[in-house]
Amino acid sequence: LAGSGIRVLDGDFTLNHVTLADNSSAPAYNYDGTGTNQAFNSIAWGNIAGGFTGTFTSTSCNIDQNENAGTSIDPLFVNPGIGEDYHLQDLSPAVDACSTGLPIALEGVPRPSSTRYDIGAFEIPFTDIFLPLIVK
């Protein structure tokens with residue numbers, strides 16, 4: 001549909017670690033083709049006319065507000081909309097959600113930063129937590 005964030009009219013197309021959010025007219029992703037259409041480790045959330053549309057030949061580990069290519073669960077972005085921060089909050093269901101993925105995230109952060117891969121374009125960097133030592 002005209003106005004989609006990504007619109008594929010034909011051929012093969014694969015989404016891998018993509019975040020599509022706040023598209024204000026048509027669905028975030030629209031596939032009207034007859035080829036191979038795949039979505040892996042991707043998020044389509046908070047879009048006016050829906051997330052992933054079209055027929056998929058393969059999907060895995062996605063969050064989709066339409067439940068067409070994944071689970072419909074709020075990914076808990078840091079500050080979506082006007083704030084335009086689509087990193088994931090620490091308690092996001094997208095953190096450490098996938099067993100496979102690409103080796104580098106959008107900002108150059110190595111994947112996975114923990115034992116599993118985050119869904120979407122961004123990976124939360126792993127930080128060690130040190131508890132205070134209390135001596136009595």
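Which residues do ring pairs link into a cluster? They are Phe-13, Tyr-29, Phe-52 and Phe-56, where rings of Phe, Tyr and Trp (its six-membered ring) pair if their centres lie within 6.5 Å, and planes under 30 degrees apart count as stacked, over 60 as edge-to-face and the rest as tilted. Before we go on, a word on the model: it is predicted, so local features need pLDDT of at least 70 and side-chain atom pairs count only at pLDDT 80 or more, while totals for chains, interfaces and linings use all residues. Residues are numbered from 1 along each chain as its sequence is written, and side-chain values use heavy atoms, with hydrogens and water left out.

Let us start with the overall picture. The protein chain has 0 helices and 11 strands (DSSP runs numbered from the N terminus: helices are H or I with at least four residues, strands E with at least two). Its C-alpha atoms fill a box of roughly 70 × 30 × 25 Å along the principal axes. Of the 136 residues, 37% are buried (buried means under 20% relative accessible area, exposed over 50%, partly exposed in between, with a 1.4 Å probe and protein chains only).

Now back to the rings. A search of the whole structure finds 5 aromatic pairs. In one of them, the centres of Phe-13 and Tyr-29 are 5.9 Å apart and the planes stand at 35°, so this pair is tilted. Phe-13 belongs to strand 2 (residues 13-16) and Tyr-29 to strand 4 (residues 29-31), so the pair ties together parts that are 16 residues apart in sequence. Phe-13 is partly exposed at 28% relative accessible area, whereas Tyr-29 is buried at 0%. Another pair, Phe-77 and Tyr-86, has centres 5.2 Å apart and planes at 85°, so it is edge-to-face. Both Phe-77 and Tyr-86 are buried.

Phe-77 also leads us to the largest nonpolar core, which has 13 residues (such a core is a set of buried Ala, Val, Leu, Ile, Met, Phe, Trp, Tyr and Cys residues joined through side-chain atoms within 4.5 Å). Phe-77, Ile-43, Trp-45, Ile-63, Leu-88, Ala-94 and Ile-119 touch the most other members. Strand 6 (43-45) and strand 11 are the elements that give two or more residues to this core. A second, separate core of 12 residues includes Val-8, Leu-15, Ala-28 and Phe-56.

Next comes Asp-118, in the segment after strand 11 (85-88). Asp-118 is buried yet has no salt bridge, and the nearest side chain of opposite charge, Arg-111, is 5.7 Å away. Here Lys and Arg count as positive and Asp and Glu as negative, with His and the chain ends not counted; a salt bridge is a side-chain nitrogen of Lys or Arg within 4 Å of a carboxyl oxygen of Asp or Glu. A polar atom of the Asp-118 side chain does lie 2.8 Å from the backbone nitrogen of Ile-124.

Finally, some backbone details. Most residues other than glycine have a negative phi, and most peptide bonds are trans. The bond from Arg-111 to Pro-112 is cis, with omega near -15°. Asn-41 has a positive phi, near 50°, and lies in the loop between strand 5 (37-40) and strand 6. Cys-61 has a positive phi too, near 60°, in the loop between strand 8 (58-60) and strand 9 (63-64). Asn-41 is buried at 3% relative accessibility, while Cys-61 is partly exposed at 23%.

How values were computed
Polar contact = N/O pair within 3.5 Å; in protein donor to acceptor, adjacent residues only side chain to side chain.
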